[in-house]
Amino acid sequence: MSSGIYPDFLHRRFSRLLFRHSPWRAPLSINPTSSLAPGQLPAPNTTYYTSTYEYVLTTSITHLMPPPTPKYFQLAMSPAAPPPSSTPKPKRTPLLRLELRDLSQPGAQSFLSSLSAPTALEEAVAGVLSYLYRGLPRHCIPPTRSVTLVLRSMPGVAYTAGKDLDDDHKEIHFSTDYIAGVPESRRRAEMLGVIRHEMVHCWQWNALGTAPGGLIEGIADWVRLRSGLVPPHWKQESDGDWDAGYQHTGYFLEYLEKRFGEGSVRRVNEALREQKYEEESFWEDLFSEKVGKLWEDYGESFGKEKLEEKKQKS
Ligand SMILES: [Zn+2]
């Protein structure tokens, strides 16, 4: 049964390439970053998406050159947003599991000493469900039955995938090498932020596999943003395309949430539940505007904010 969760779609379509040619399985005979400039997102609806892109991008961090927007580094953290009042309950409480592949890895030890795994995972699930499903009936929540956090040595930061035999069982793979490389002062916050982002992929809809990857990633980073787990390098920007993904799209979604009211991003996710994504009608049905116009409006409002900030400083 298809859960409609993006990473599974990714997993089915991409796993062969990802795993067969991945550097932790075989010599780096094919480098998925080779066709992409650092920081460049793949074209929409190609197989290079979601967690794969995280893999691609972070490969560039570790092996190639510093990308223009370093991913997932976190300094002082803004205080966490207060948790939404009531947490929606899925039909079945998901089984949460932790798998440590190698306890001798410094990243694994650091994870154990700085986080309570049950609390971190439970809070991530509750936070994601609150932001995406509050006030919606239970059948709107994906039937995710288990989430396993796998800590292991691998290139990149993290990715999420469903199991081959049953899409409702999710695995978040998180790199112990990456964890060990984050300065200790911000390691805990960074781990929580990455887990929050990946947990969104375990519970979000993807328009039956047709949603733009940038929107899927934007929703994941929007939840991270709302959860007060913003890394210090994140920048709000309004150039480029609305669906460039990650925080770029996450901040755009935050603009929509503020402009059209609390629950706007929840409506976006809900609209991705059962129907295929048709760009024109999708945004018009939700916000009575085309997404290009919304993106323009965002750019204008953002420009005004910047001007006012400048005036106040001078
Ligand atoms: Zn992601």
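This is a predicted model: local features need pLDDT of at least 70, side-chain atom pairs count only at pLDDT 80 or more; totals for chains, interfaces and linings use all residues.
Residues are numbered from 1 along each chain as its sequence is written.

Helices (H or I, at least four residues) and strands (E, at least two) are DSSP runs, numbered from the N terminus. Four strands form an open sheet with mixed pairing, in the order 1-2-4-3, where two strands pair if DSSP finds at least two bridges between them. Strand 1 (95-100) and strand 3 (158-162) stand at the edges, and because each has a single partner strand, one side of each is left without a neighbour in the sheet. Strand 3 pairs with strand 4 (residues 169-175) in the antiparallel sense over five bridges, and Ala 158 stands opposite Phe 174 in strand 4.

The largest nonpolar core has 58 residues; such a core is a set of buried Ala, Val, Leu, Ile, Met, Phe, Trp, Tyr and Cys residues joined through C-beta atoms within 7 Å. A residue is buried if 20 or more other C-beta atoms lie within 10 Å of its own, exposed if 12 or fewer, and partly exposed in between, with C-beta atoms placed from the backbone. Val 128, Ile 195, Met 199, Ile 219 and Phe 252 touch the most other members, and the largest share of this core, nine residues, comes from helix 4.

Finally, helix 6 (residues 184-201) and helix 7 (residues 213-226) pack with their axes 8 Å apart, at an angle of about 135 degrees, where axes are lines fitted to C-alpha atoms, for helices over the stretch in contact, and angles run from 0 to 180 degrees between N-to-C directions. Helix 6 and helix 7 are therefore oblique to each other, since angles under 35 degrees count as roughly parallel, over 145 as roughly antiparallel, 65 to 115 as roughly perpendicular and the rest as oblique.
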